[in-house]
Amino acid sequence: MEVSENYVFRYPAYDLSLASKMAQVVKMEDLDLLHVHYAIPHAVCALLAKQMIGNKLKVVTTLHGTVITVLGQDHSISDLIRYAINESDAVTAVSKDLIKETRESLNISRDIDLVYNFVDMRVYYPRDISKLRREFARPDERILIHISNFRPVKRVQDVVDIFAKVSKKVPSRLLFVGEGPDLSKTISKIRELGLTDKVTFCGKQDDVAQLISLADVMLLPSEKESFGLVALEAMACGVPTVGSNAGGTPELITHGETGYLAEIGDTDKMAEHVIHLLSNPEHYEQMVQNCLYRARHTFCNDTAIDQYEEIYYRVLGREITDSHRLLAASCQ
């Protein structure tokens with residue numbers, strides 16, 4: 001999509017260009033409905049496109065955490081977020097916790113449908129990585145992994161603390177995937193603790209499924225997660241998560257069955273859980289199987305597709321028929 005750089009605009013008019021492109025595509029393809037993610041800018045752009053071409057177009061908006069938990073606290077744009085939510089024909093959110101926070105922080109009373117995040121099981125599954133694993137760890141070492149954007153809310157310093165405690169009891173290595181503002185602080189702490197030789201920074205990766213399959217445990221000690229998608233990706237690869245009992249994470253991780261949860265900042269307890277997991281092979285293997293089952297049956301793409309289809313037909317005032325379901329199944 002090209003963005004106008006006319007001198008009239010101080011900055012490139014991304015939102016206006018996007019709304020115009022949406023309206024153009026709707027007309028060209030004779031669409032009945034747009035499903036957009038994030039209240040701003042995408043829902044606002046879709047609503048503008050709807051006004052441009054007429055109210056027959058329906059807009060379904062899916063809420064994700066950052067817009068609500070961060071931008072929603074900014075009074076300069078909270079009214080715009082509230083407008084996008086209230087004017088959408090249907091709104092979904094990725095966790096019960098996010099629905100609760102949306103209602104409380106933005107004073108939203110309208111119905112919000114719960115549709116959990118999902119992963120594509122064709123991409124996220126246990127890989128045979130025995131050869132690759134030898135490049136990262138010795139045969140006697142276990143691998144812990146953390147994937148994030150290294151923002152303060154992810155509490156990456158806690159990841160280092162957990163690993164420092166675990167590595168004293170269990171031969172292990174730590175993989176970091178991602179980059180962000182707390183990366184340099186994390187590197188400094190690792191040097192101070194003398195852990196440099198045990199930690200590998202993989203940088204930002206577009207395809208993380210193979211790296212997750214390398215790991216034995218995912219660490220997610222975040223202060224806040226609207227859902228914790230990376231924990232679901234790990235679950236689908238058969239990797240248990242140890243993290244904090246915060247936000248939507250408890251809706252995903254069943255404590256003691258698909259991972260372990262502790263209070264925010266309790267790195268002693270989290271390390272204890274990791275050590276227990278890695279020191280009990282039978283229990284660990286059972287947890288791996290629990291992860292795979294829960295990912296495939298509760299958070300699979302087929303389930304989410306069915307839920308979204310029902311919302312689409314409801315918004316359009318139509319009934320979903322068996323032939324529609326059959327067509328949808330044939331396309332998956």
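Student: What makes Thr62 in β2 the residue opposite His37?
Tutor: His37 stands opposite Thr62 in β2. The strands concerned are β1 (33-37) and β2 (residues 58-63), which run parallel and are joined by five bridges. Two strands pair if DSSP finds at least two bridges between them, so five bridges meet the criterion. Strands themselves are DSSP runs of E with at least two residues, and helices are runs of H or I with at least four, numbered from the N terminus.

Student: How reliable is the numbering, and what kind of model is this?
Tutor: Residues are numbered from 1 along each chain as its sequence is written. The model is predicted: local features need pLDDT of at least 70, side-chain atom pairs count only at pLDDT 80 or more, totals for chains, interfaces and linings use all residues, and side-chain values use heavy atoms, without hydrogens and water.

Student: Why are β1 and β4 called edge strands?
Tutor: The sheet is open, with four strands in the order β1-β2-β3-β4 and parallel pairing. β1 and β4 (113-114) each pair on one side only.

Student: Which strands are at the edges of the six-strand sheet?
Tutor: Its order is β7-β6-β5-β8-β9-β10, again an open sheet with parallel pairing. β7 (199-201) and β10 (259-262) each have a single partner strand, so one side of each is left without a neighbour in the sheet. For β10, four bridges join it to strand β9 (residues 241-244), and Thr241 has Gly259 as its bridge partner.

Student: Why are α7 and α12 called oblique?
Tutor: Helix α7 (residues 156-169) and helix α12 (residues 267-279) pack at about 45°, with axes 9 Å apart. Axes are lines fitted to C-alpha atoms, for helices over the stretch in contact, and angles run from 0 to 180 degrees between N-to-C directions. Angles under 35 degrees count as roughly parallel, over 145 as roughly antiparallel, 65 to 115 as roughly perpendicular and the rest as oblique. The pair is therefore oblique.

Student: What makes the largest pocket a pocket?
Tutor: A pocket is an open set of points on a 1 Å grid over the protein atoms alone, with protein on both sides within 12 Å along at least five of seven lines; lining residues have an atom within 4 Å of a point. The largest pocket has a volume of about 990 Å³, volume being the space filled by probe spheres (1.4 Å) set on the points. Of its 36 lining residues, the closest to the centre are Tyr38, Lys154, Glu225, Leu229 and Val230.
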